[in-house]
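Good morning, and thank you for coming.

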Amino acid sequence: MMENEVKNVIEVKNLHKSYKDKVVLDDISFNLKKGEILSIIGKNGIGKSTTIDCIVGLKQKDSGKIKINDFDLDEDYLLAKTQFGYVPSEPTLYECMTGQEYVNFIASCYDVSQKDYNSNYTLLVKYFDLSKFDMNKRIANYSHGMKQKIGLIASLIHDPDIWILDEPTVGLDIMTYTQLAKLIVDLREKGRSIFIASHNIDLVSEISDRVLILNNTKISKELDLNASSYLRKDLQNIFVNTYEDRK
């Protein structure tokens with residue numbers, strides 16, 4: 001690798017996915033670079049979540065190649081899975097546990113040392129303004145927003161290089177939304193890489209470095225928002241026009 005070349009931490013090549021006779025993703029390719037925020041946007045049901053599900057291994061792709069930190073998802077499945085933290089669109093937690101028990105359980109799955117766990121746990125709980133009382137409540141008694149916070153904390157407890165988020169702002173109040181946006185940017189500044197699927201154009205335009213627009217099973221546009229202030233300010237219009245142009 002050349003000295004000034006930026007490493008691709010996720011590589012998706014010729015990804016194809018269909019459900020029975022319905023093609024959702026047709027030969028799409030893209031990369032997530034180290035230290036960047038990449039977002040994928042599109043209408044509801046267009047394939048954003050399917051793209052993420054294939055990357056994190058929740059759905060079996062029909063064909064194509066996916067590498068995560070150079071680990072091939074087909075050949076090094078378990079090692080590839082350890083490289084990222086993942087937040088689904090709806091929190092899927094073990095509701096019989098307390099918040100702390102759940103985060104502790106996820107940390108154990110990644111063999112996080114006690115020292116690292118204590119440090120990461122304290123930092124993340126404080127970041128999301130949660131108390132010891134909050135963390136010791138049963139997850140079944142949490143609000144949707146609280147469950148989302150626990151999911152966010154659990155996804156970062158092993159301090160992953162890559163953070164993958166599927167519609168992360170759903171159900172968040174304005175304070176948590178602001179905290180999340182700041183955390184994403186802070187992690188990028190620390191060299192982490194973030195991949196987001198979202199319908200929240202305001203969030204995407206504010207924090208993303210690059211944006212992919214998904215339409216008709218293809219990536220119809222790839223935008224470098226750092227290249228022009230116009231692109232960042234006018235992303236919503238670009239998004240709408242993408243679909244109007246293809247009617």
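Predicted model: local features only at pLDDT ≥ 70, side-chain atom pairs only at ≥ 80, totals over all residues.

In helix 1, the buried residues are Lys-48, Thr-50, Thr-51, Ile-52, Asp-53, Cys-54, Ile-55 and Val-56. Buried here means under 20% relative accessible area, exposed means over 50%, and partly exposed lies in between, with a 1.4 Å probe and protein chains only. Helices are DSSP runs of H or I with at least four residues, strands are runs of E with at least two, and both are numbered from the N terminus.

Residues are numbered from 1 along each chain as its sequence is written, and side-chain values use heavy atoms, with hydrogens and water left out.

After helix 1 comes Gly-57, which has a positive phi near 90 degrees.

**Salt bridges**

How many salt bridges does the structure hold? There are 13 salt bridges in the structure, a salt bridge being a side-chain nitrogen of Lys or Arg within 4 Å of a carboxyl oxygen of Asp or Glu. As a general point, side chains of opposite charge can pair when their charged atoms come close.

Let us return to Asp-53 of helix 1. Its side chain meets that of Lys-59 in a salt bridge, at 3.1 Å from N to O. Asp-53 counts as buried, at 10% relative accessibility, whereas Lys-59 is partly exposed, with a relative accessible area of 31%.

Another salt bridge joins Asp-72 and Lys-65, whose closest N and O atoms are 3.0 Å apart. Is Asp-72 buried or exposed? With a relative accessible area of 4%, Asp-72 is buried; Lys-65, with 37%, is partly exposed.

Asp-186 counts as partly exposed, at 25% relative accessibility.

There is also a network of salt bridges, which links Glu-36, Arg-210 and Glu-222.

Helix 7 also holds Ala-181. Ala-181 is buried, with a relative accessible area of 7%. Leaving aside neighbours within four places in sequence, Ala-181 is in contact with Leu-203 and Ile-207, where contact means heavy atoms within 4.5 Å. Ala-181 and Ile-207 are 26 residues apart in sequence, and their C-alpha atoms are 7.3 Å apart in space.

**Two packed helices**

Two packed helices are described by the angle between their axes and the distance between the axes. The axes of helix 3 (residues 99-109) and helix 6 (residues 144-156) come within 9 Å and cross at roughly 25 degrees. Axes are lines fitted to C-alpha atoms, for helices over the stretch in contact, and angles run from 0 to 180 degrees between N-to-C directions. Helix 3 and helix 6 are therefore roughly parallel to each other; angles under 35 degrees count as roughly parallel, over 145 as roughly antiparallel, 65 to 115 as roughly perpendicular and the rest as oblique.

Which residues meet where helix 3 contacts helix 6? From helix 3 come Gly-99, Tyr-102, Val-103 and Ile-106, and from helix 6 come Ile-150, Ile-153 and Ala-154. By class, this contact of helix 3 with helix 6 has 6 nonpolar, 1 polar and no charged residues. In this scheme Ala, Val, Leu, Ile, Met, Phe, Trp, Tyr, Cys and Pro count as nonpolar, Asp, Glu, Lys and Arg as charged, and the others, Gly among them, as polar.

**Two loop residues with positive phi**

Most residues other than glycine have a negative phi, and most peptide bonds are trans. Asp-129 is not a glycine, yet has a positive phi of about 55 degrees. Asp-129 lies in the loop between helix 4 and helix 5 (132-135) and counts as exposed, at 62% relative accessibility.

Asp-159, also not a glycine, has a positive phi of about 50 degrees. Its place is the loop between helix 6 and strand 7 (162-166), and at 40% relative accessibility Asp-159 counts as partly exposed.
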